[in-house]
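Welcome! Here is a short briefing to read alongside the sequence and the 3D view.

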Amino acid sequence: MPYFDYDKSVQDVEYYEILEMLMDRWEYEIVEFKEAKSNYDTDKIGRYFSAISNEANLRQQQYGWLIFGVSEKGKVRHVVGSAYKKGEKTLLERFKYEISRDTTNGMTFYDIIEIFPVVNGVTKRILMFKIPAAATGIPTDWKTNYYERSGESLVPLKQYKIDAIRSQERKDWSKQILEKATIDHLDKDAISLARKKYKEKMNQEHITEEVDAMSDIQFLTKVKLMIEGKITHAGMLLLGNSDYDYLFHSAPSIMWRLYGADGDDKDYAIFKIPFINVVDKVFAKVRNLTYRYMPNQMTLFPMETEQYNSWLMRELLNNCIAHTNYQLGGRIYVNEFEDKIKFTNPGDFIPQKVENVLEVSYNPPFYRNQLLAEAMAAFHMIDTATLGIRRAYNIQKAKYFPMPDYNVSTGTQVEVTVYGKSLNDNYMHILYDHPDLDLQTVFLLDRVQKGFPIDKVDAEKLRSLKLVEGRLNCLYLSASAAKSLDESANYIKNKGFDDKYYKDLIVEYLKKYERAKKKEIRDLLWDKLPNALNDTQKENKIRNLLSSMKRKDIIEPDSSNQQKSYWILKK
């Protein structure tokens with residue numbers, strides 16, 4: 001007997017089929033059903049996220065499921081429906097962002113699917129949370145703790161399971177040997193270009209002389225595109241002759257497509273290996289028109305710029321080449337529209353969300369194709385110092401254009417949209433009048449202009465700077481923002497200083513007075529913390545500063561009694 005009825009012609013029909021399958025016979029530790037008829041504790045959802053993610057990794061599955069609106073009471077699972085986060089779609093998008101703030105590398109749900117099965121003639125609402133497996137070698141945490149399933153319970157992840165995940169070997173597809181490929185299957189012109197680019201990148205006379213004296217085999221061995229006389233995947237991808245791309249299990253390719261204003265295909269072209277010179281071929285197809293706009297309300301003369309910065313375009317396409325999961329098959333797409341270009345490549349987004357990359361101190365946990373990335377860096381094709389995406393965002397910021405959009409919700413592909421025109425005059429005027437706004441603040445402004453959700457903390461930050469107005473779920477950019485930030489001191493007061501500033505204050509205080517209670521340090525810092533923080537956030541900030549200084553052996557308590565101890569400088 002079926003658990004529910006549904007329209008077989010609905011757009012998300014596959015999720016109804018998946019739900020039937022999960023309810024019928026799924027017994028693993030990577031699926032959890034909850035009634036969640038109205039509310040459900042966010043912290044517990046986070047622990048389930050960690051547990052299911054870790055269990056999926058250990059069972060070599062790509063993902064697991066947390067299902068709201070299904071009861072397991074009695075002998076048979078049955079649909080009861082859930083009103084959790086019911087309402088505007090932004091509630092679910094905002095919740096994905098909320099979860100990402102407390103997980104490993106900002107991981108969040110691949111997707112939250114809302115479906116409406118019918119039970120006894122009554123339509124019910126089901127939420128299906130699709131949870132990605134923990135990354136190879138990296139357990140998934142929730143608020144710095146790892147979890148697993150134990151029957152119906154959530155328990156700390158056992159040490160042997162942590163060790164099992166951490167000991168997993170991440171195989172570099174690009175370093176593996178391509179069977180049957182030899183140097184005769186490579187493109188001679190591509191090899192010559194690789195030599196030229198390598199010498200330009202190294203820019204040292206003795207290296208130029210060394211490379212010129214090498215045979216092709218010696219050079220390719222030096223840059224590790226040949227290993228023990230055999231061609232690697234990376235070597236064939238960058239330098240291979242397209243006549244022999246059948247040697248790949250799935251031949252890599254790039255497709256450019258041009259769309260008209262009506263959405264119809266106007267033109268297309270397919271590009272094959274070698275990929276070392278494919279970027280110029282692709283962008284010879286792209287129309288890069290001159291765009292005129294008025295970034296300042298007071299000027300009478302428009303600015304002129306190309307729609308797309310050539311460095312940014314090359315960086316993004318080369319990033320697609322470097323980070324594609326070639327084992328999934330598929331191809332890289334460059335879709336050109338009248339006012340934007342979309343880059344799409346197979347594979348998940350390793351940083352999980354672009355906000356992580358925009359942090360100045362961000363370092364990726366790993367590279368998907370380590371050898372390929374290293375070779376492309378050596379040939380001056382990409383930047384492996386994790387600065388490429390930040391630079392792309394800064395280029396758009398300098399033009400007062402919208403920020404690139406990263407859509408990584410599917411978990412199987414990454415889509416990046418770059419805009420070739422402005423979208424909102426207020427956004428453009430704010431950036432023009434306040435060039436010192438940091439990248440994270442501009443990123444939030446960009447989300448507001450596009451109608452994307454931001455959380456309450458970020459909204460309050462923008463409000464404190466008088467950049468936005470309206471309710472949380474209906475924010476808009478302030479037309480009077482240019483007048484509200486004239487004084488740089490006011491901006492700094494709202495933005496705050498970096499952590500080093502506050503730590504230096506604490507050190508100087510202790511040098512002068514030798515010891516201090518937490519209350520005294522609180523009084524020292526309180527008025528200097530940014531106005532964008534509420535009282536609870538200021539307390540947390542001070543506690544985190546003290547904990548960080550203790551970990552780095554800068555300060556220590558003078559006794560084990562927390563109620564009576566003072567902070568002192570560590571000798």
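Contact here means heavy atoms within 4.5 Å. With that in mind, K230 touches I177 and L225, not counting residues up to four places away in sequence. This is a predicted model, in which local features need pLDDT of at least 70 and side-chain atom pairs count only at pLDDT 80 or more, while totals for chains, interfaces and linings use all residues. Residues are numbered from 1 along each chain as its sequence is written, and side-chain values use heavy atoms, with hydrogens and water left out.

**Around K230**
- K230 is found in strand 13, residues 230-231; helices (H or I, at least four residues) and strands (E, at least two) are DSSP runs, numbered from the N terminus.
- With a relative accessible area of 47%, K230 is partly exposed, because buried means under 20%, exposed over 50% and partly exposed in between (1.4 Å probe, protein chains only).
- K230 and L58 are 172 residues apart in sequence, and their C-alpha atoms are 33 Å apart in space.

**A hairpin**
- Strand 10 (residues 145-150) pairs with strand 11 (residues 153-156) in the antiparallel sense over four bridges; two strands pair if DSSP finds at least two bridges between them.
- E148 has V155 in strand 11 as its bridge partner.
- Two residues lie between strand 10 and strand 11 in this hairpin, and G151 in the turn has a positive phi of about 65 degrees.

- Six strands form an open sheet in the order 15-14-18-19-21-20, with mixed pairing.
- Its edge strands, each pairing on one side only, are strand 15 (265-271) and strand 20 (405-407).
- From one strand to the next, the twist averages 15 degrees; axes are lines fitted to C-alpha atoms, for helices over the stretch in contact, and angles run from 0 to 180 degrees between N-to-C directions.
- Strand 18 (residues 332-336) and strand 19 (residues 340-346) run antiparallel and are joined by four bridges, and Y333 has T344 in strand 19 as its bridge partner.
- Helix 10 (residues 310-323) packs on the sheet, touching strands including strand 14 (254-259) and strand 21 (413-419), and its direction makes about 15 degrees with that of strand 19.

**Nonpolar cores**
- A nonpolar core is a set of buried Ala, Val, Leu, Ile, Met, Phe, Trp, Tyr and Cys residues joined through side-chain atoms within 4.5 Å.
- The largest has 97 residues, and L239, I254, L317, F343, F379 and L445 touch the most other members.
- Leaving aside neighbours within four places in sequence, L239 is in contact with residues including L186, L220, L225 and I276.
- A second, separate core of 45 residues includes Y48, F109, I115 and Y147.
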